[in-house]
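Welcome to a short tour of this structure. Please keep the viewer open as you read, and let us walk through the model one region at a time.

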Amino acid sequence: MQLQVTNETARLKAVILGIANSNGPVPSIEEAYDPKSAEFIKKGEYPKEEDMIQEMESVAAVFRKYNVDVFRPKIIENYNQIFTRDIGFVIEDKFMRANILPDREQEIEAIHYVINQMNPENVIVLPEQCHIEGGDIMPHGEYIFIGTYRGEDYSTYITARTNLAAVEAIQQLFPHKKVKSFNLRKSNTNAKANALHLDCCFQPVGKDKAIIHRNGFLEEAEYQWLVDFFGKENIFEIDAQEMYDMTSNIFSISEDVVVSDRHFTRLNTWLRSHGITVEEVSYREIAKQEGLLRCSTLPLIRA
Ligand SMILES: NC(=O)NCCC[C@H](N)C(=O)O
């Protein structure tokens with residue numbers, strides 16, 4: 001398999017799509033590793049497996065329509081394998097195996113059969129002290145954007161998943177790229193004030209546009225850098241409720257085609273007004289676990 005990913009929007013050819021089958025029993029509040037899941041566990045409204053399976057199958061159907069090769073993780077019984085994005089990621093022709101939250105460590109085993117199809121020289125495992133999850137990593141041409149948390153209290157946040165050691169390691173591995181990191185706002189208890197990953201508060205879309213939530217960024221200057229980089233007229237600004245709804249976490253099949261949630265009417269109207277085809281699905285149940293479409297996909301080839 002010849003891996004290739006250098007941005008979020010080039011034509012998708014091959015992808016791993018997570019899987020909701022045998023997702024396990026409803027976790028206890030203590031077992032939740034993000035505030036939105038905890039909120040729905042508390043309310044007794046944790047999403048049902050059959051509903052999430054259906055939601056993911058509708059995305060698989062869109063991929064089939066666009067002739068994208070789709071790989072699914074092998075099912076590990078009673079284990080959450082929906083958010084495949086975080087367990088590894090592709091930059092250029094390299095597959096980076098992520099050092100993910102310990103609660104999610106087994107997820108990688110389920111995609112070994114895909115990793116085995118790659119040139120072993122292109123499969124990279126970062127040193128253990130580098131915490132990193134794919135939701136925080138976005139190659140963008142000559143740049144690699146990385147969501148991180150720079151606070152000294154990093155270890156107190158189960159919602160902080162990518163550390164500075166990982167940012168430095170990525171820069172060393174890709175010396176020809178400009179690595180730009182963003183300090184994200186974290187909350188273990190309030191999902192409206194928690195940018196769990198960079199893709200929960202920002203994502204490039206189309207030819208030259210981006211979706212962004214200002215308060216997801218701890219440094220005003222870093223938010224402003226992105227606004228200036230894309231140009232204010234190309235920015236779709238979302239509010240705290242829209243970040244909570246995971247509005248920045250749509251997924252591009254190409255510069256002209258996006259998979260989005262049908263409830264995102266404001267966003268979908270804006271995308272269409274810029275000539276982008278919106279393939280609408282419902283991902284409302286999966287959203288209760290603080291992840292959406294980008295989180296549940298791991299692109300292998302965009303060319
Ligand atoms: N890229 C992402 O933002 N992934 C979402 C992961 C959600 C999952 N409940 C987690 O906390 O790891």
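## Buried or exposed: a starting point

A residue counts as buried if 20 or more other C-beta atoms lie within 10 Å of its own, as exposed if 12 or fewer do, and as partly exposed in between. Please bear in mind that this is a predicted model.

F95 has 23 C-beta neighbours inside 10 Å, so it counts as buried. Leaving aside neighbours within four places in sequence, F95 is in contact with L3, G88, V90, I115, M118, N122, V123 and I124. N119 is 24 residues from F95 in sequence, and the two C-alpha atoms are 9.4 Å apart in space.

In soluble globular proteins, nonpolar side chains tend to be buried together. Here the largest nonpolar core holds 77 residues, and the members that touch the most others are V15, L198, C201, I211, V258 and V259. Strand 1, residues 12–17, gives the most to this core, with five residues.

What does V15 contact, once its neighbours within four places in sequence are set aside? The partners are F63, V68, V70, T297, L298, P299 and L300.

## Around the ligand

There are 15 residues around the ligand, and D34, G135, H197, G291 and C295 come nearest. Sorted by class, this shell has five nonpolar, five polar and five charged residues.

Three strands form an open sheet in the order 6-7-8, with mixed pairing. Strand 6 (137–140) and strand 8 (178–183) are at the edges with a single partner strand each, so one side of each has no neighbour in the sheet. On average, neighbouring strands here are turned by 20° against each other, direction ignored. Strand 6 runs antiparallel to strand 7 (residues 143–148), and four bridges join them. In this pair, M138 stands opposite F145 of strand 7.

Helix 4, residues 164–173, lies across strand 7 and strand 8 and runs at about 170° to strand 7. In the loop between strand 7 and helix 4 you will find N163. N163 has 20 other C-beta atoms within 10 Å, and therefore it is buried. Beyond its neighbours within four places in sequence, N163 is in contact with C130, H131, T148 and Y154.

Strand 9 and strand 10 pair in the antiparallel sense over four bridges, and V205 stands opposite K209 in strand 10. These two strands form a hairpin with three residues between them, where G206 in the turn has a positive phi of about 65°. Strand 10 (residues 209–212) runs parallel to strand 11, joined by three bridges, with I212 opposite E237 of strand 11. In a regular strand the side chains alternate between the two faces of the sheet. Both faces of strand 9 are covered: F202 and P204 on one side, and Q203 and V205 on the other, are all buried.

## Two loop residues with positive phi

Most residues other than glycine have a negative phi. S22 has a positive phi, near 55°, and is placed in the loop between strand 1 and helix 1 (35–42). S22 has 14 C-beta neighbours inside 10 Å, so it counts as partly exposed.

N78 also has a positive phi near 55°. This residue lies in the loop between strand 2 (69–71) and strand 3 (88–91). Is N78 buried or exposed? With 9 C-beta neighbours inside 10 Å, N78 counts as exposed.

Terms used
Residues numbered from 1 in each chain as written. Predicted model: local features only at pLDDT ≥ 70, side-chain atom pairs only at ≥ 80, totals over all residues. Near = placed C-beta within 6 Å. Nonpolar A, V, L, I, M, F, W, Y, C, P; charged D, E, K, R; others polar. Pairing = 2+ DSSP bridges. Core = buried A, V, L, I, M, F, W, Y, C linked by C-beta atoms within 7 Å. Contact = placed C-beta atoms within 7 Å. Axes fitted to C-alpha atoms, helices over the stretch in contact; angles between N-to-C directions.
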